[in-house]
Amino acid sequence: MKYMVDSADVRAIKKINEYYPISGVTTNPSLVFEAGRDLKTLIREIREIIGPEKMLHVQTLSLKAKDIVAEAGRIVDFAGPNTYVKIPVTPEGMKAIMAVKAQGIGVTATAIFTPQQALMAATAGADFVAPYINRLDNIAVNGVEIAGQIADLLRTAGSPCEVLAASFNNIEQIHMTSLHGVGVVTISPKMFEKIIYHPLTDIAVEDFVAKGKDLYNI
Ligand code: G3P
């Protein structure tokens, strides 16, 4: 499983990057709004933290294809190597995905709620497709199943496009998503703390320390 952190909180990203094996960072305009920081400054700081090797997914805000394409070019200029431009799967977004890919820029098709949106975006050349698990669950559609269907469709088609599942509100959604053959998840900093927590682990560690503390003279 590839884990990404879904955040624009520089301090939280720094911590998660130190403690967990992340493949990169995803952001969106709502997260940037929460951070209340200028996008370019923020993205440069995040790139500084994660280095040039890890992925950074930055969303465009424009609505018209030609503006999305121009924005994508500006984003990769300041976000550096291994940047993927996130483009919502509107008709203008779909047109932009093809044009942005033609320029050799990585693309993550985002705001995906149906398997057909994902299949179309993958056919347009997107490197990643991002279904929103919790937002689907919130409208009584099983988000995990949708993500699983997308993963199956892409596998059957032999597509190189990867499913990058987003929007999680609990660990069960993440677990079920991994069971459904999805290879990448992007999760909030808080979710990283929760995902490996188990009280029995803490109890086991306390017991090991109590028993070994006078004998481990190393
Ligand atoms: O990048 C999309 C993802 O952040 C959406 O998550 O929690 O706002 O549904 P959420």
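**Notebook: salt bridges, cores and surface**

I started at aspartate 67, which is partly exposed with a relative accessible area of 31%. My cut-offs: buried is under 20% relative accessible area, exposed is over 50%, and partly exposed is in between, with a 1.4 Å probe and protein chains only. The model is predicted, so I note that local features need pLDDT of at least 70, side-chain atom pairs count only at pLDDT 80 or more, and totals for chains, interfaces and linings use all residues. Residues are numbered from 1 along each chain as its sequence is written, and side-chain values use heavy atoms, with hydrogens and water left out.

**Entry 1: salt bridges**

What does aspartate 67 pair with? I found a salt bridge to lysine 66, with the closest N and O atoms 3.3 Å apart. The term needs a side-chain nitrogen of Lys or Arg within 4 Å of a carboxyl oxygen of Asp or Glu. Side chains of opposite charge can pair when their charged atoms come close. Lysine 66 counts as exposed, at 65% relative accessibility.

Next I looked up lysine 101, which forms a salt bridge with aspartate 127, N to O 3.0 Å at the closest. Lysine 101 lies in helix α5 (residues 91-102) and aspartate 127 in the loop between α6 (115-124) and β6 (128-131), so this pair ties together parts 26 residues apart in sequence. Helices (H or I, at least four residues) and strands (E, at least two) are DSSP runs numbered from the N terminus. Lysine 101 is partly exposed at 25%. Aspartate 127 is partly exposed too, at 23%.

A further pair is glutamate 45 with arginine 37, whose side chains meet at 2.6 Å, N to O. Glutamate 45 is partly exposed, with 31% relative accessible area. Arginine 37 is at 30% and counts as partly exposed. The structure holds eight salt bridges.

**Entry 2: the whole chain**

I counted eleven helices and eight strands in the protein chain. The C-alpha atoms fill a box of roughly 70 × 35 × 30 Å along the principal axes.

How much of the chain is buried? I read 45% of the 218 residues. Among contacts (heavy atoms within 4.5 Å) with a separation of 6 or more, 57% join residues 24 or more positions apart. The accessible surface comes to about 11,600 Å², of which 57% belongs to carbon and sulfur atoms. Such areas come from the Shrake-Rupley method with a 1.4 Å probe; for residues, only the protein chains shown count as cover.

**Entry 3: the cores**

Which residues have the most contacts inside the largest nonpolar core? I noted Ile97 and Val129, in a core of 58 residues. Helix α4 (residues 65-79) gives the largest share, seven residues. Another core lies apart, with six residues, including Met4, Met55, Leu164 and Val184. A core here is a set of buried Ala, Val, Leu, Ile, Met, Phe, Trp, Tyr and Cys residues joined through side-chain atoms within 4.5 Å.

I then followed valine 129. Leaving aside neighbours within four places in sequence, its contacts include Ala109, Ile112, Ile150, Leu154 and Leu164.

Threonine 108 sits in strand β5. At 1% relative accessibility, threonine 108 counts as buried. Beyond four places in sequence, threonine 108 touches His57, Tyr84, Phe128 and Leu164, among others.

Isoleucine 50 is in helix α3 (residues 39-50). Isoleucine 50 counts as buried, at 7%. Outside four places in sequence, I listed its contacts as Ile13, Asn17, Val25, Met55 and Leu56.

**Entry 4: backbone and patch**

Alanine 111 is not a glycine, yet it has a positive phi of about 60 degrees. Alanine 111 lies in strand β5 (residues 106-112). At 24% relative accessibility, alanine 111 counts as partly exposed. Serine 167, also not a glycine, has a positive phi of about 65 degrees. I placed serine 167 in the loop between β7 (162-165) and α9 (171-179).

Last, I looked at a nonpolar surface patch of about 310 Å², made by Val205, Phe208 and Val209. Patches are made of residues with over 30% relative accessible area and no salt bridge: like charges are joined within 9 Å, nonpolar side chains (Val, Leu, Ile, Met, Phe, Trp, Tyr) within 5 Å. Phenylalanine 208 lies in helix α11 (residues 199-212). Phenylalanine 208 counts as exposed, at 61%.
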